[in-house]
Amino acid sequence: MDIFYDSVKKIFHLQNKNISYVMKIIKDGYLAHMYFGKRIEEYRESNPIAFYDRGFAPNPDPEDRTFSLDTIPQEYPAYGNGDFREPAYQVELENGSRVTDIRFKSYKIYDGKPKLKGLPSTYVENDSEAKTLEIEMEDKLIGLNVILIYTIYKDFDVIARSVKFKNNGSEIVNLRRALSASVDFRESDFELITLYGAHTNEKNIARRPLVPGIQKVESSRGASSPQQAPYLALVRKNTDEDHGEVYSFNFVYSGNFTAEVQVDQYCNTRVTMGINPFDFSWILEQGESFQTPEVIMTYSCNGLNEMSKTYHDLYSTRLCRGKFRDKERPILINNWEATYFDFNADKIEEIAKCGKELGIELFVLDDGWFGKRDDDKSSLGDWIVDKNKLPNGLNNLVDKITSFGMEFGIWFEPEMISENSNLYRKHPDWALHVPGRKSTVGRNQFVLDLSRKEVCDYLIGAVSEILDNPKITYVKWDMNRHMTEIWSESLEPKRQKEVAHRYMLGLYYILEKLTSKYKDVLFEGCSSGGGRFDPGMLYYMPQTWASDNTDAICRLKIQYGTSLVYPPITMGAHVSVVPNKQVGRITPLTTRTHVAMSGNFGYELDLTNLSKEEKKEVKNHIALYKKIRSTIQFGDFYRILSPFETNETAWNFVSKDKTEFVGMYFKILSESASAIRVLKFKGLNEEFSYENLETNEVFRGDELMNAGITIDRVKEDFISKIWRFKKI
Ligand code: DGJ
């Protein structure tokens, strides 16, 4: 990996063993984008920008009608002086003008990767793992400096990009748009992949050809959201899981975002990604600066599985942090679908005890343990145990459950406040609200104003009171409504459009404090399921509850879509009862288990209601998961058959040293005249001989990947099959 600068040709080339990214300073200091893609050994400008007189295109130089910002590929395009495509940024000045003109000023190249103050980001453990280029652009007239930051990793095929704005001028600059990345491709022969969904239907895959004009996904909900994910990929028509080019973009941020693709009049494609400019602005007083979150861009020439592997490897080792990053995660039992709000200490103990007998390692007490929370109408904000439900207190319950060898975890929804709570009665202004206007409720609750330091500090204190008990070793951090009436008591009118981003900075501040204070606590993110499943959250909490939909068949799509970007170890997945509580479907226990085992495994049902036979089965499943857990959680994941395209789903997990693998196959509906399926595993070592641990048959990796294995026909709906192979 290296970053070269050719001072004669004025070319920057970021390169590792698989990818290259090239920029060039052209005419009077504009920064042009020259190339992103497969590694080029030496870039000698075989693809110079062709300058033509494009009719009525605006020209900065009246003597040169061939030069127009509207027609050249740019690195960080401005608004207002000739490029009519989507700009990467825009500012408003004191005189009301919105035009800037940034030109190259200086650059620096250094080992390692900088931390982004107050923001989540990928990182290095050693400076030799990555190199960073900072290019400083300047608008001399107003003293605005824009620093474009690019990091290339040695072992991951990614470029991490972010931008820092510095107001070195004498007037106030109002930042109206401050995106993190913009890439111009000199072609438009792509298809666009995005992830969309809803509560209980997260991470569906959408794929469509690009058309002229703007195609965009975004969130203005105050969270990255289940509706659209902060991710997009450009792929070729023939790209599939294992072949073809993929350029992908993922935003390391948990709030409002935009991800846009614009195909212009000459069939160029511009991709932009960053904080959603809708309802955003940020005042930069003299000397102040603004750091954008980062975008992780990947390139793969071997299809979507390779793109996913890049994200999985990067995120599980250089985004997630803390003691649990490299630790096998506990199998848990959560009481939410078992009891909802209706439980007492005895019931909880019974479920936990039963879990222990079956081999489960962690009990998680979900919503309803605090205030007077017998339904979702009250008590958020009052993080004090409800003595009606737990008469001997929380710590007594923790002692009991941990005394029989189980770990104890607890649910919080700290970012919220119920109107019916002591906290709201004391501090009604702590909720986001607009003075004089009625506030909208969502699940009967308001959103706390985390742009205010005193609110953040209160939450750190309230959560700490509970977590000071060292026997609590897991937290489920929930967030169940989006932002409305966004306004803060603490900010002057001209700064009100900063609130949504200041909220995120407040949340990140709280999470940084708590996760570094409670290093032995495993944090799991949640937002009505996978509503805030994004890399920003994974920086603080190394796993996320993937969906409130626990139906095995729905989960095939949810987990398949989620796996495009996020590794299985980050994906909370639980076995629940049938008929399923979200969709009413009845599926076999093994199928439910195999789907849940494909992620971060747990249970969410009243274990005490299981029959003797079911308990026996569950015990065996848990024993099996413990054997395959490290391959699933730390191995490589390959998608084989897609639930979005077929009546089947298949995937396999291969240990990093390729000595073990686990394959899984699911058939949704039984068919009378279906083909006899042969399943071809992926990612094995061709030369290794692998033994099927069930049948003791031995096959070489090349045969298992190319000829595949025959799947027996089963005349039943919703069936699943698992294989375990080990190198002999
Ligand atoms: C939404 C979460 O996604 C559920 O798992 C559960 O924790 C409920 N909130 C509790 O209110």
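Since the model is predicted, local features need pLDDT of at least 70, side-chain atom pairs count only at pLDDT 80 or more, and totals for chains, interfaces and linings use all residues. Residues are numbered from 1 along each chain as its sequence is written, and side-chain values use heavy atoms, with hydrogens and water left out.

## The ligand site

Let's start with the ligand. It is surrounded by 13 residues, and the closest are Asp366, Asp367, Lys476, Asp478 and Asp548. Sorted by class, the shell holds 6 charged, 4 nonpolar and 3 polar residues. For that sorting, Asp, Glu, Lys and Arg are charged, Ala, Val, Leu, Ile, Met, Phe, Trp, Tyr, Cys and Pro are nonpolar, and the others, Gly among them, are polar.

Asp367 puts a polar side-chain atom 2.6 Å from a ligand oxygen. Trp411 also uses its side chain, with an N or O atom 3.0 Å from an oxygen of the ligand. Gly529 takes part through its backbone instead, where an N or O atom sits 2.9 Å from a ligand oxygen. How much of the ligand's accessible area does the protein cover? The answer is 98% of the 290 Å² that the ligand has on its own, with areas from the Shrake-Rupley method and a 1.4 Å probe.

## Salt bridges

Side chains of opposite charge can pair when their charged atoms come close. Here a salt bridge means a side-chain nitrogen of Lys or Arg within 4 Å of a carboxyl oxygen of Asp or Glu, and the structure holds 66 of them.

| Pair | Closest N to O distance |
|---|---|
| Glu134 and Lys108 | 4.0 Å |

Helices (H or I, at least four residues) and strands (E, at least two) are DSSP runs, numbered from the N terminus. Glu134 is buried at 16% relative accessibility, while Lys108 is partly exposed at 45%.

Arg236 is buried, with a relative accessible area of 15%, whereas Glu187 is partly exposed at 29%.

The Asp520 and Lys323 pair also involves loops. Asp520 lies between α7 (499-517) and β27 (522-525), and Lys323 between α1 (303-318) and β21 (332-334), so the bridge ties together parts that are 197 residues apart in sequence. Asp520 is partly exposed at 48%, and Lys323 is partly exposed at 39%.

There is also a network of salt bridges to look at, linking Glu285, Glu288, Glu492, Lys494, Arg495, Glu498 and Arg502.

## Cysteines

How many disulfides turn up in the whole structure? The search finds 0, counting a disulfide as a pair of cysteine sulfur atoms within 2.5 Å. Take Cys320: its closest cysteine sulfur is in Cys526, 16 Å away, which is too far for a bond. Cys320 is buried, at 1% relative accessibility. Cys456 is buried as well, with a relative accessible area of 2%.

The peptide bond from Val578 to Pro579 is cis, with omega near -10°. Pro579 sits in the loop between β29 (571-575) and α10 (589-597).

Next come two positive phi values. Tyr340 is not a glycine, yet it has a positive phi of about 50°. Tyr340 lies in the loop between α2 (336-339) and α3 (345-358) and is partly exposed, at 31% relative accessibility. Phe718, also not a glycine, has a positive phi of about 60°. Its place is the loop between β37 (709-710) and β38 (719-727), and Phe718 is buried, with a relative accessible area of 12%.

How values were computed:
Near = heavy atom within 4 Å. Polar contact = N/O pair within 3.5 Å; in protein donor to acceptor, adjacent residues only side chain to side chain. Buried < 20%, exposed > 50% of the residue type's maximum accessible area, 1.4 Å probe, protein only.
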